[in-house]
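Please open the model in your viewer and keep the selection panel at hand. The tour goes from one selection to the next.

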Amino acid sequence: MMTTMNAAVFSGIKQLDVERIDKPKIKDDEVLVKLKACALCTWEQRVFTGINKVHFPFIGGHEESGIIVDVGPKVDTDLWRVGTRVVVGLLTSCGYCDNCRTGHEGSCTRFSYENHVGGLNIRGMGGLAEYLAVPVTKLFKIGDQLTYEEAALTEPLSCVVHSVDTAKVELGDDVVVIGAGIMGVFHAILARERGARVIISEPDENRQKFLKQLGFDDLINPKTVDPVNTIKTLIEGNGADVVFDTLPISPVAEQAVSMAAIDGRVILYSSFHPDTPISISPHTLHRRMTKLMGSANSDSSDFLKAMKLLNNGTVDVKPLIAGTVPLSEINKGMLWALKPETYRVIVRLNESDDKSI
Ligand SMILES: [Zn+2]
Ligand SMILES: [Zn+2]
């Protein structure tokens, strides 16, 4: 058996190459996952462009799916056996710090980009390697109907499950989603599933067209109208019950707060680049009883919910997959993913010996 494998390794800003590295060895309570698909998230794109700082060499990829090809002697094979198709999630959380134990694995205090995960000898998230050694607590089962590419989007969907749950979207709520990148679209889809009316603020014409194809007709263009006044007019003067801000631009966060109805919930979902402070009237927050909240990452329960939503077909991610590239064309995939109009680009792994993807 081969003791090395291919992995896409960042060795500097805009330096991303396929290298041979050691194949991970599993511990007694781990399984070996042969990865099949890994999506290129904004996070990896920001490593590529140098916005997210990491120490090189580094292996990116945290939206991955694959198949179990080996199990350790202590693994319960009633649950996890060779041939089980899985999503690997939350690989970077330790599982035993206070945050992990209170269900906030996405905010694990022991997490660091300096950590090694998945049995790899290079630090990083690991999803852009061909194999990972994975503890069974980090596995989520893929349903028979779902492709590996679709399953790779469980992680971003799980982050939006977390956000929508945090906002407690309810039947009949007026929900505003600011920005229709993939995360904005997921927010719109899940809010609609919750029985909300969804209004989306998005200036890009192609994205507007795409949103209409998905059945979203309440769209506003913040470049041609004042978004706050327009939202208030659309919702008959009250403002939105829930506002999801998915843009990384600080002044937009101020607008999001101004859009909220009395007792409205505002979720700052995106990370902010640059992290410029915003100005908010504390009296207005008090008087309007605005709930201003952040949402970041996801935990095991969000992953389980996201996996179910995909497995049972409630959420169809196919329209959000821009396309796929083989691992050997990772740079082409990254440049494609970096274009603002592109939704998710997925890297195919281990396809030479298996056509089942
Ligand atoms: Zn992601
Ligand atoms: Zn932890």
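How many disulfides does a search of the whole structure find? The search finds 0 disulfides, a disulfide being a pair of cysteine sulfur atoms within 2.5 Å. This is a predicted model, in which local features need pLDDT of at least 70 and side-chain atom pairs count only at pLDDT 80 or more, while totals for chains, interfaces and linings use all residues. Residues are numbered from 1 along each chain as its sequence is written, ligands are numbered from 1 in the order in which they are written, and side-chain values use heavy atoms, with hydrogens and water left out.

Cys41 lies in the loop between strand E3 (30-39) and helix H1 (42-49), and Glu63 in the loop between H1 and strand E4 (64-71), so the pair ties together parts that are 22 residues apart in sequence; helices (H or I, at least four residues) and strands (E, at least two) are DSSP runs, numbered from the N terminus. Both Cys41 and Glu63 are buried, where buried means under 20% relative accessible area, exposed over 50%, and partly exposed in between (1.4 Å probe, protein chains only).

Then select helix H10 (residues 300-311), where Asp302, Phe303, Ala306, Met307, Leu309 and Leu310 are buried. On the other side of H10, Leu304 and Lys308 are exposed.
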